[in-house]
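Please keep the sequence and the model in view while reading.

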Amino acid sequence: MTPDARRAVLRQSVSVAVATGLYGISFGALSVVAGLSTTQTMALSLLMFSGGSQFAFIGVIGAGGAAGAAVATAGLLGARNGLYGPQVTPLLAAHGWRKPLAAQLTIDESTAVATAQSDPAAGRLGFWWTGVGVFVMWNLFTLLGAVLGDALGDPRTYGLDAAAAAAFLALVWPRLADGVARLVAGAAVAVALALTPFTPAGVPVLLAAVVAIVVGLVTPQEETSEPA
Amino acid sequence: MSPTATWLAVIAGSAVVFALKLVGHLVPDHWLAKPRVARTAALVTVALLSALVAVQAATIGRHLVADARLPALAVAAVALMLRAPFIVVVVLAAGTAALLRALGMS
């Protein structure tokens, strides 16, 4: 990897870590409002470490839901992290104590940056830098949010929600050069949006993966390199 | 919920979410070496991230919503077609949404 290529990966990792981390303020503030202590809030960001799962978890607790429902909802939103494993494991070749560490850092952001790179070394670098970067920023800002409350106001005011969507679009973009991948992406978007009104949070994205599994298993190998 | 019950939920929820992450890493190497499996894993990631973009840009809870996020995402897509660097794409999207909201869009 050239120093320039390395710098590009690091720049991408740091941008994603900062943009995602800032959302930690919202999480920390909302978690305390939902009735969790600062310590419990920090435990979620350190141990659960999966934004979607954490917001869903405090949502259930805040609404007066049962502990079991909170755990189940968090699991539903976290299930997609399990589907990222088979993609990042061969890239990382992590063994021993690095394996659980890599697992804990396997989230949307680290997977997206890792798979956006064109060679394995860059992918590995992107995974670790983004994973560790998001972990540090997310926890730092969670603490800030829990202690200070929503002092900075709604992140939507700064367009941070749009920034998150744009970041994932940019990260998946290089993969869409492939015709079959483009087809799968389009179908996944349609499935997720169509299911949103009818299924619990987390399910639409999870079921969009079924499209990919079907296409991946039924299309012959040669077709992937041909434009759709 | 009592503090103890909340703690139990926090620990149990974290354990479940970690177990789900770990399962994905325990798929045997020789199995992942099969081209069909590797290709399917790659397509699954594309599908999950694409669906995530859609859900993040066009839904609130169980509702489909068209607000400042959609034009912001369109600006990002144009920037990507013009081969703009990653950080420029992200900042343009944030700026577009922030501007539209300052002008009164939801």
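## Basis of the description

The model is predicted: local features need pLDDT of at least 70, side-chain atom pairs count only at pLDDT 80 or more, and totals for chains, interfaces and linings use all residues. Residues are numbered from 1 along each chain as its sequence is written, while chains are lettered from A and ligands numbered from 1 in the order in which they are written.

## Chain A as a whole

Chain A has ten helices and zero strands; helices (H or I, at least four residues) and strands (E, at least two) are DSSP runs, numbered from the N terminus. Its C-alpha trace spans about 55 × 45 × 40 Å along the principal axes.

Of the 228 residues in chain A, 55% are buried. A residue is buried if 20 or more other C-beta atoms lie within 10 Å of its own, exposed if 12 or fewer, and partly exposed in between, with C-beta atoms placed from the backbone. Among contacts in chain A with a separation of 6 or more, 73% join residues 24 or more positions apart; a contact requires C-beta atoms, placed from the backbone, within 7 Å.

## Domains

Chain A is divided into domain 1 (3–174) and domain 2 (178–228), with bounds that come from an automatic or database domain assignment. The centres of these two domains of chain A, taken over C-alpha atoms, are separated by 23 Å. Eight residues of domain 1 of chain A are in contact with eight residues of domain 2 of chain A. On the domain 1 side, α3 (51–62) and α4 (67–92) of chain A each supply at least two residues, and α4(A) gives the largest share, five residues.

Chain B is likewise divided, into domain 1 (1–27) and domain 2 (28–102). The centres of these domains of chain B, taken over C-alpha atoms, lie 27 Å apart.

## Helix α9 of chain A and Leu195

α9(A) has 17 residues and reaches 24 Å from its first C-alpha to its last, close to the 24 Å expected at 1.5 Å a residue; the expected span is 1.5 Å times one less than the number of residues. Its buried residues include A:Val184, A:Ala188 and A:Ala192. Their cover includes α8 (160–172) and α10 (203–218) of chain A together with α3 of chain B.

A:Leu195 also lies in α9 (residues 179–195) of chain A. Is A:Leu195 buried or partly exposed? A:Leu195 is partly exposed because 19 other C-beta atoms lie within 10 Å. Not counting residues up to four places away in sequence, A:Leu195 touches A:Val203, A:Pro204 and A:Leu207.

## The largest nonpolar core

A nonpolar core is a set of buried Ala, Val, Leu, Ile, Met, Phe, Trp, Tyr and Cys residues joined through C-beta atoms within 7 Å. The largest one holds 109 residues, and those touching the most other members are A:Ala166, A:Phe168, A:Val184, A:Ala188, B:Ala47, B:Ala51 and B:Ala93. Helix α3 (residues 35–58) of chain B gives the most to this core, with 15 residues.

Leaving aside neighbours within four places in sequence, B:Ala51 is in contact with A:Ala188, A:Val189, A:Ala192, A:Pro204, A:Val205 and A:Ala208.

Definitions and conventions: Contact = placed C-beta atoms within 7 Å.
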